[in-house]
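Please open the model in your viewer and keep the selection panel at hand. The tour below goes from one selection to the next.

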Amino acid sequence: MEKFAFMLHPLSLEDMQHVSPLIRWIPDGVLEFALRHKKPFEVSHITGIRSPYAEAEGWFVGCPLTAKQMMTLPEEFVMDRIIETGKIAEELGAKILGLGAFTSIVGDAGLTVAKNLRIAVTSGNSYTVATALEGTRKAAALLGIDLAKATVAVVGATGSIGSCCARILACEAGTLLLTARHTAPLEELAQELQPSSRAILRVEKDPAACIRQADVVLTVTSAIDFPVDPADFKSGAVVCDVARPRNISRAVSDARQDVLVIEGGVIDVPGDVDFHFQFGFPPRTAFACMAETMILALEGRYENFTLGRDLRPGQIDTISALAAKHQFRLSGFRNFEREVTEETIASVLRHAGIHRVQGSAADI
């Protein structure tokens, strides 16, 4: 039996209501104080993961800091808490640890965590990129968007996930727009991509201006509060939100019924898996970053697979092949814990004035 662990943390104080509805009555300051002083803990035991080649069990381990706390508290304190959480995974018998949400972002993106643990560590970003791009391609096809002729925007293009998406899309898109908080790294990325790019590359300083031009938008920023005006999106656009916390608010979907918003990286897990913890997905499905940890465990590849900020397309190809081998697959489209159905696709096409194209949501 292969063994793994995956690190969770509350993205916001509202997430703590999954623990108990009574938490909503606790003042934010009191709850933040309590989380800062709470010790890491085992969340649940994961059972039933089975591919044609191996079986695995695992554990969710909890780092009790919100995304905001991870970005605002002293980095040394946050890193110590993440490493402390990782040591719980070691004690449980895990041989590889996946870093969830902001635990894979703070500091040096997992390198320090790996140095301080006796087990392998991965961020899950490789499979996150693979499935985000797979979902984006399929969603674009359903709306009749030809990526080879389309304008594609990567918002947060200088991050680990964003820059890797940009490297791959530079070989697929008609025009590729890159935007992020700081311009200098964007210019460096564009210069790196230019020699081998088939796409016309442009750097945009203003994310809103970038979004307004795009037929396809991938949002991958680590910003806690990323303001997006629903009016900025083109009619008939596809928007893939890969970030956690989300970059795209529910208001975009509610206000723009002519835009298809999907979440990146929702995966079917093989076997009769039971997470013994509810994180908002249907049974037997997980985030792609979680799935990467499971895939590596099933393969017996107990190694530091995805760490740091330099993520390369070759890693995407490797994890995609292993995912197919162990029968992990993209689990349709979802948007704010809701399934994107055939009716949803048809509604977007109708509101955007697009004639029905071949294919359906069932083709995912």
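The quantity to colour by at the start is pLDDT, the predictor's confidence in each residue, from 0 to 100. This is a predicted model, and the protein averages a pLDDT of 91, with 95% of the residues scoring at least 70. Confidence is lowest in strand β17 (residues 338–339), where the mean is 81, and highest in strand β4 (residues 96–99), where it reaches 98.

Next, select residues 55–62, which form strand β3, and notice that 7 of its 8 residues are buried. The hairpin that joins β2 to β3 passes through 4 residues.

Now widen the selection to the whole open sheet, whose 6 strands follow the order β5-β4-β1-β3-β2-β13 with mixed pairing. Because β5 (120–122) and β13 (271–274) stand at the edges with a single partner strand each, one side of each is left without a neighbour in the sheet. Neighbouring strands of this sheet are turned against each other by 20° on average, direction ignored.

Finally, show the helices that accompany these strands. Helix α3 (residues 75–92) packs on the sheet and touches β1, β2, β3 and β4, its direction making about 145° with that of β3, while helix α10 (residues 288–299) lies across β1, β2, β3, β4 and β5 and runs at about 160° to β1.

Note on methods. Residues are numbered from 1 along each chain as its sequence is written. This is a predicted model: local features need pLDDT of at least 70, side-chain atom pairs count only at pLDDT 80 or more; totals for chains, interfaces and linings use all residues. Side-chain values use heavy atoms; hydrogens and water are left out. Helices (H or I, at least four residues) and strands (E, at least two) are DSSP runs, numbered from the N terminus. Buried means under 20% relative accessible area, exposed over 50%, partly exposed in between (1.4 Å probe, protein chains only). Two strands pair if DSSP finds at least two bridges between them. Axes are lines fitted to C-alpha atoms, for helices over the stretch in contact, and angles run from 0 to 180 degrees between N-to-C directions. Contact means heavy atoms within 4.5 Å.
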